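Student: Could you take me through this structure feature by feature, giving the general idea before the particular case?

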Amino acid sequence: MSTQEHIFDAAGPRARRTIRAVTALSLLAIAAVAILIVLRFGQAGQLAADRWAEFTQWPYLQFLLAGLGNTALAAGASAVFAIPTALLMALARTSRRAWLRLPAIAYIEFFRSVPLLLVVYVFVSGLPSYGINPDIFWKLVIPITLCSSAVMAEIFRAGILALPAGQVEAALSIGLQPSQATRYVVLPQAVRIVVPSMVAQLVVLLKDTTLGYAVSYPELMKTANNLTAYTSHLIQTFLVIAAVYIVTNILISHFARYLERRISGRTARPARAVAEQEPAGAPIG
């Protein structure tokens with residue numbers, strides 16, 4: 001039985017017919033709007049071949065690919081630093097030690113509440129006046145890391161709290177130390193639980209790199225702006241950029257599903273080992 005079936009009642013015949021009808025009407029409405037937009041573009045001459053010609057020429061494509069590479073670099077670096085930071089903050093927030101828990105709460109609540117653009121402007125305009133002036137790459141990556149890690153920490157914490165307490169108790173009952181129970185029992189299962197939410201946050205992180213304009217970092221959107229200033233083909237350029245972002249996010253989602261399947265296969269073994277070694281009649285939960 002799936003998680004949704006535990007939470008929601010199964011739809012009856014009438015509800016299923018209603019859902020199918022609403023879905024069909026929604027798809028027809030979306031198709032009608034898309035056709036209307038295409039017709040209006042055609043009437044305005046926006047679909048003329050000469051307005052799309054630059055996207056068949058290698059120098060223009062190379063220019064956009066360089067922007068895509070910079071976007072991938074900034075997003076990748078932000079993710080590499082944000083994920084372990086988030087995990088540490090989540091573990092600290094769930095700790096029984098106040099000297100770990102309270103600073104973690106302050107960090108998470110502060111950077112979840114502050115707009116990312118404001119943090120970027122602090123690195124652009126505030127810190128340089130105090131002699132702290134990193135490269136433009138880090139002026140983008142560090143703020144994204146700080147804000148994204150705070151959100152990801154709450155995702156990790158939710159995954160940790162979603163596990164039954166009996167699993168930790170069973171791990172402790174067979175002689176594992178609390179740190180070992182966390183490493184071998186809690187974290188593998190929590191990671192598996194939060195994979196879908198983490199993917200959504202990684203997509204958000206990728207889109208956050210568009211704030212690179214504030215630090216003049218040449219990511220994809222900044223590159224597109226420079227290209228439109230040269231060609232004056234704004235609609236065509238941004239439609240192509242939108243398609244690139246859509247394809248990139250789809251690839252991230254597919255990779256996440258693959259990763260989830262791999263993790264599911266590997267994390268089932270520690271939990272089974274704990275269950276098999278648990279003494280008969282031991283209280284769970």
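Tutor: Let us begin with burial, where a residue is called buried under 20% relative accessible area, exposed over 50%, and partly exposed in between. Please keep in mind that the model is predicted. With those cut-offs, Tyr230 is exposed, because its relative accessible area is 64%.

Student: How many aromatic pairs does the structure hold?

Tutor: There are seven aromatic pairs in the structure. One of them joins Trp52 and Phe55, a tilted pair with 6.2 Å from centre to centre and 50° between the planes. Trp52 counts as partly exposed, because its relative accessibility is 25%, whereas Phe55, at 13%, counts as buried. Aromatic residues can also be grouped into a cluster, and here Phe81, Phe137, Trp138 and Tyr217 form one.

Student: Let us turn to charges: how many salt bridges does a search of the whole structure find?

Tutor: The general idea is that side chains of opposite charge can pair when their charged atoms come close. The search finds five salt bridges. One of these is formed by the side chains of Glu109 and Arg93, at 3.1 Å from N to O, and it links distant parts of the chain, since Glu109 is in helix H4 (residues 98-113) and Arg93 in helix H3, 16 residues apart.

Student: Are Glu109 and Arg93 buried or exposed, or something in between?

Tutor: The two partners fall into separate classes: Glu109, with a relative accessible area of 30%, is partly exposed, while Arg93, at 15% relative accessibility, counts as buried.

Student: Which residue forms a salt bridge with Arg112?

Tutor: Arg112 has Glu154 as its partner, and the closest N and O atoms of this salt bridge are 3.6 Å apart. Because Arg112 lies in helix H4 and Glu154 in helix H6, the pair ties together parts that are 42 residues apart in sequence. Arg112 is partly exposed at 42% relative accessibility, whereas Glu154, at 17%, is buried.

Student: Now for pockets: how much space lies in the largest pocket, and which residues are closest to its centre?

Tutor: The largest pocket holds about 780 Å³ of space. Its lining has 19 residues, and the closest to the centre are Thr94, Arg96, Val168, Pro178 and Thr182. Helix H6 (136-162), helix H7 (165-173) and helix H8 (178-208) are the elements that give two or more residues to this lining, and H8 gives the most, with five. By class, the lining has 12 nonpolar, four polar and three charged residues.

Student: What classes of residue make up the lining of the second largest pocket, and which element supplies the largest share?

Tutor: That pocket holds about 340 Å³ of space. Its lining divides into 15 nonpolar residues, with no polar and no charged ones, and Ile83, Val195, Met198, Leu202 and Leu259 lie nearest the centre. Helix H3 (58-93), H8 and helix H10 (234-277) each supply at least two residues of the lining, and the largest share, seven residues, comes from H8. Helix H8 therefore deserves attention in both cases, since H8 also gives the most to the lining of the largest pocket.

Technical notes: Residues numbered from 1 in each chain as written. Predicted model: local features only at pLDDT ≥ 70, side-chain atom pairs only at ≥ 80, totals over all residues. Heavy atoms only, no water. 1 Å grid on protein atoms, 1.4 Å probe; cavity = no way out; pocket = protein on both sides within 12 Å on 5 of 7 lines; lining within 4 Å. Points joined across faces, edges and corners; volume = space filled by probe spheres on them. Helix = DSSP H or I, 4+ residues; strand = E, 2+ residues; numbered from the N terminus. Nonpolar A, V, L, I, M, F, W, Y, C, P; charged D, E, K, R; others polar. Salt bridge = Lys/Arg side-chain N within 4 Å of Asp/Glu carboxyl O. Buried < 20%, exposed > 50% of the residue type's maximum accessible area, 1.4 Å probe, protein only. Phe/Tyr/Trp six-rings, centres within 6.5 Å; stacked < 30°, edge-to-face > 60°.
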